[in-house]
Amino acid sequence: MRIILSLAALLLAAPLSAQLTEAEPYVLGQTYTLESAILKEGTRKITVRLPAEYEAEPERAFPVVYLLDGGPEQDFAHIAGIAQSREMNYSFEPLILVGIQSVNRRHELSPPAADPAPYEEALRATPGGSADYRRFLKDELKPMIEAQFRTDGRDAIMGESLAALFVIETLLKEPELFDDYIAISPSMWWEEMKYGREVEAYLEKMGSGARRLYLSTANEGDWHREGTEHLIAALRLHAPENLTWTFVDAGESETHGTLYHPMALDAFRALYGTPSREYRSYPLIGGPEIRERSAEENALLEQECTRENSMLMTPGTAERAREAIYYRCLLLELGPTPREGNLGE
């Protein structure tokens with residue numbers, strides 16, 4: 001009995017282990033329901049993530065990135081994580097992310113086909129819904145977003161695979177609908193590479209207004225890659241002056257299944273990258289002794305950094321040139337090196 005009492009006393013004297021509180025949900029954005037009169041499957045979930053600056057700077061307006069396949073259970077969460085990462089590293093501008101739920105993506109995001117039967121057999125959906133989907137974006141979704149949120153008039157459309165083909169088709173057929181186009185691994189095999197083979201004619205008819213295209217592919221073969229190369233060749237020779245573009249080839253490092261996340265980050269940095277400065281290190285980590293800044297250095301610090309007055313260079317170059325560029329405005333070329341294009345020139 002004494003042994004039992006002694007053990008009980010020890011147990012009572014021991015500190016209780018830490019206890020978790022009741023779980024709280026972690027909110028990435030706000031989801032709305034939109035009833036579309038244009039789309040056949042009318043009800044859509046629209047999920048919006050606002051940048052931290054939206055509440056902190058109530059007079060400020062922001063660019064919008066419209067994310068295809070952007071339902072809460074689709075690509076919204078991982079792209080929203082990328083958008084949130086800039087609040088830690090400030091490597092690109094704050095933006096409003098609008099995720100658009102796909103319901104029958106193989107119909108609604110696909111262009112028409114001369115013979116739909118092979119697509120119906122392979123994809124189990126009738127192709128050809130892209131024109132209605134663009135009308136939904138233009139006439140229903142974009143006006144609603146612009147009325148409800150502080151947008152600055154600069155819009156992007158973003159998608160991967162079949163959604164990226166929709167991005168390319170939209171750029172070629174209705175380029176005025178968006179300012180920036182992010183096409184990651186577009187399904188350029190469609191209709192025996194139709195949009196790669198015929199792109200020159202579309203480029204010749206592209207109207208005024210500055211447009212930018214970010215294009216990337218993985219290790220895709222067959223018509224997927226060949227169609228993309230047709231597109232690149234036409235851009236290389238025939239892109240109008242108002243269309244700037246970049247192509248990042250990730251074929252040595254990514255697959256079709258792994259490409260989206262790293263290239264989405266790269267696209268945001270390429271299109272919306274923000275200037276930074278190279279500061280002197282502290283002696284604690286091996287930097288020079290602390291001294292008073294010179295008048296020239298103070299003048300550099302007083303200058304507001306913009307994309308236009310910043311020096312374009314890679315982080316490696318900045319490290320090697322550090323002593324010559326302290327406090328100067330830099331626009332760092334982060335991420336993989338583009339294979340070709342004229343974006344940033």
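Close-up 1. Strand β3 (residues 62-67) and strand β5 (residues 151-160) run parallel and are joined by five bridges; two strands count as paired if DSSP finds at least two bridges between them. Strands (E, at least two residues) and helices (H or I, at least four) are DSSP runs, numbered from the N terminus. Residue numbers start from 1 along each chain as its sequence is written. Because the model is predicted, local features need pLDDT of at least 70 and side-chain atom pairs count only at pLDDT 80 or more, whereas totals for chains, interfaces and linings use all residues; side-chain values use heavy atoms, with hydrogens and water left out.

**Close-up 2. The nine-stranded open sheet.** The strand order is β1-β2-β4-β3-β5-β6-β7-β8-β12, and the pairing is mixed. At the edges stand β1 (30-35) and β12 (340-341); each has a single partner strand, so one side of each is left without a neighbour in the sheet.

Close-up 3. Side chains of opposite charge can pair when their charged atoms come close. A salt bridge is taken as a side-chain nitrogen of Lys or Arg within 4 Å of a carboxyl oxygen of Asp or Glu, and the count by this rule comes to 24. For E169 and K173, the closest N and O atoms are 3.1 Å apart. The two residues are separated by about one helical turn, because they lie four residues apart in helix α7 (residues 162-173). E169 is buried at a relative accessible area of 1%, whereas K173 is partly exposed at 37%; buried means under 20% relative accessible area, exposed over 50%, and partly exposed in between (1.4 Å probe, protein chains only).

**Close-up 4. E297 and its arginine partners.** E297 forms a salt bridge with R280, with 2.7 Å between the closest N and O atoms. This pair links distant parts of the chain, 17 residues apart: E297 belongs to helix α12 (residues 295-302), and R280 to the loop between β9 (276-277) and α12. E297 is buried at 9% relative accessibility, while R280 is partly exposed at 26%. E297 also forms a salt bridge with R291, the closest N and O atoms being 3.1 Å apart. R291 is partly exposed, with a relative accessible area of 46%.

**Close-up 5. The largest pocket.** On a 1 Å grid over the protein atoms alone, a pocket is an open set of points where a 1.4 Å probe fits, with protein on both sides within 12 Å along at least five of seven lines; lining residues have an atom within 4 Å of a point. The volume of the largest pocket is about 830 Å³, this being the space filled by probe spheres set on the points, which are joined across faces, edges and corners. Of its 34 lining residues, R269, A270, L312, L332 and E333 are the closest to the centre. Elements giving two or more residues to this lining are β7 (211-217), β8 (243-249), α11 (260-272), β11 (329-332) and β12. The lining has 13 nonpolar, 14 polar and seven charged residues, with Ala, Val, Leu, Ile, Met, Phe, Trp, Tyr, Cys and Pro counted as nonpolar, Asp, Glu, Lys and Arg as charged, and the others, Gly among them, as polar.
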